[in-house]
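Subject: Structure for your review

Dear colleague,

Please find below the structure that I am handing over to you. I would be grateful if you kept it open while reading the notes that come after it.

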Amino acid sequence: MSSTSPRPAPDADAQAIAELYANCYGELVAYLRRLCADHGQAEDLAQEAGMRLIAQARREAIAKPRAFLFHVATNLARDQLRRRMVSDAYAGDGDYEDGGGFAPGADHIATVQEDVARVSAALNTLTPRARDVLVLARIHGHTQKEIADRLNLQPKTVENHLTRALAQLGAALAGRRRQ
Amino acid sequence: MAMNPTESLLQQAARWHAIASGRDLSADESRSLDSWLAQNASHRLAYADICAAAFALEQTQAAAEPIRAALPTARSPRPWLRWGLAAGAPLLLVFALLAGPRVGPSWQNWNSDLYTEIGKPLSQKLADGSVLELDTDSAVRVRLSPERRDIELIRGRLAIAVAKDPNRPLHVRSGDVDAMAVGTRFVVDRGDLGTEVGVHEGIVRVTAADGKPVDLGAGQQAFVGNDSGATRVGALASNDGWTRGMLSVEQMPLAKVLAELDRYLPERIILADETHAAMPITATLPLDDPDAALRALAQTSQLSLRHIPRIAYVMR
């Protein structure tokens, strides 16, 4: 790139991050409310995730700021859910063994990076077919039907591939092996 | 929609994501997902694990590579993916982050005896006659026994006028720091970096994790950092105007004043340009109307305010 090409104004990126957060806020709160079933807490977590997005953008460029924002928010919510499970003594239920590894107030930026590394590694354990289905669905936003048509599969087969692949990635984060 | 009970919880959670691929859930599906989540906290956690995996997936290198299966041109990527590609340039603008995270207040509130919401300090007379003033966004546990009086500061800041009772010392604990008094008035402020104890009347004995007690007299304060655990003693600088609903500052750096106001606002405050952080401020601001206080402060310092959801930028 030519050195004479105009650089964007220094606060253009900061402005863009602020706008991304503002534009996503409603959706983020709705998502967190579904996760936590608590509107006040959903707003608090969305705010905290926004602060961390802004702080992280100050340190380095974020390639996927929206995914980063939702990921940080999700990890904050996972923290709260774990605490709630302890508080409510739900933990005795026993059919979902939590992988743990989340200290209260853990460094969520490091956690996000570690999650990305674990998911990358887990991707390599998937069959090529499962991996293609997963990428088509989750990255390119295709429906089950579209993927079924393009890969010449039954929609139900696509759903099963996706379910197993996502569960496998989820297990990589929860620190557990898929049964 | 019925979930297959023989699937693991992670698989059940993953199936919801599989169904929602490339489309929104129908109203019926959405309701049944909500009722599945409501069945058990472990369902929520499993669902959140899958969400985290899906967001992590978007950030992997693999997500940026073309897929191997030969396909006709896929639908154009979602808007945020395009947005993400445009956001490559490093940020030059330096922000001042004024205060640390507000982590888990609701969880702390459940474990407290008395807590305050943001912007709603309160004053409470305890059973022994001591008057406890709890500042904005703070939480304490209180235990009064025949031998001693214990207050644990879980979060935030308190001031206490201790009722005299030589046989029953009053301890305020903040993490590893213990401040002990018989009859006096002092302030304990638990921040992200450590605990500050300021004495307005009487004598307070402060003991940090190292176990070595330090006696503070009126007009003195001590700060114990979370990292070092060392006790630094100095002249009383923090004022207790907050107990009267006012923030009076003289030649205080803008960043510190904003950090004080940040405690009272549901919004978080961000100073957009760090070069303004040291700007000296002399002002008296109403803490019972922190929005007005922030506007007045911005005006005084000739900066402007920009609001995005629950975050206020102070900028040129």
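Predicted model: local features only at pLDDT ≥ 70, side-chain atom pairs only at ≥ 80, totals over all residues.

Let us start with chain B. Its secondary structure consists of 8 helices and 19 strands. The chain has 316 residues, and 51% of them count as buried. Its accessible surface is about 14,500 Å², with carbon and sulfur atoms providing 52% of that area. If one takes the contacts in chain B between residues at least 6 apart in sequence, 48% of them join residues that are at least 24 apart.

The next topic is a place where the two chains meet. Helix H5 of chain A, residues 128–139, packs against helix H3 of chain B, residues 41–59. Two packed helices are described by the angle between their axes and the distance between the axes. Here the angle is about 95 degrees and the axes are 10 Å apart. An angle of 65 to 115 degrees counts as roughly perpendicular, and H5(A) and H3(B) are therefore described in that way. On the side of H5(A), the contact is made by Leu134(A), Arg138(A) and Ile139(A), while H3(B) contributes Ala54(B), Leu57(B) and Glu58(B). Sorted by class, the residues of this contact are 4 nonpolar and 2 charged, with no polar ones.

Ala14(B) is located in helix H1, residues 9–19 of chain B. Is Ala14(B) buried or exposed? Its relative accessible area is 0%, so Ala14(B) is buried. Apart from neighbours within four places in sequence, Ala14(B) is in contact with Thr163(A), Leu166(A) and Ala167(A) from chain A, and with Ile50(B) from chain B. The C-alpha atom of Ala14(B) is separated by 9.2 Å from that of Asp49(B), a residue 35 places away along the chain.

I now turn to the strands. Strand E13 of chain B (residues 220–225) pairs with strand E14 of chain B (residues 231–235) in the antiparallel sense, over 5 bridges. Within this pair, Gln221(B) stands opposite Gly234(B), and Val224(B) stands opposite Thr231(B). The hairpin formed by E13(B) and E14(B) has 5 residues between the strands, and Gly229(B) takes a positive phi near 75 degrees there. E13(B) is also joined by 5 bridges to strand E10 of chain B (residues 194–201), and these two strands run antiparallel. In this pairing, Gly194(B) has Gly225(B) of E13(B) as its bridge partner.

Finally, which residues other than glycine have a positive phi? One of them is Asn152(A), with phi near 60 degrees. Asn152(A) is found in the loop between helix H6 (144–151) and helix H7 (155–174) of chain A. With a relative accessible area of 71%, Asn152(A) is exposed. Another is Gln251(B), which is not a glycine and has a positive phi of about 50 degrees. Gln251(B) lies in strand E15 of chain B, residues 246–253. Gln251(B) counts as exposed because its relative accessibility is 56%, and the cut-off for exposed is over 50%.

With kind regards

Terms used:
Residues numbered from 1 in each chain as written. Chains lettered and ligands numbered in written order. Heavy atoms only, no water. Helix = DSSP H or I, 4+ residues; strand = E, 2+ residues; numbered from the N terminus. Buried < 20%, exposed > 50% of the residue type's maximum accessible area, 1.4 Å probe, protein only. Contact = heavy atoms within 4.5 Å. Areas by Shrake-Rupley, 256 points an atom, 1.4 Å probe, with all protein chains shown as cover. Axes fitted to C-alpha atoms, helices over the stretch in contact; angles between N-to-C directions. Parallel < 35°, antiparallel > 145°, perpendicular 65-115°, else oblique. Nonpolar A, V, L, I, M, F, W, Y, C, P; charged D, E, K, R; others polar. Pairing = 2+ DSSP bridges.
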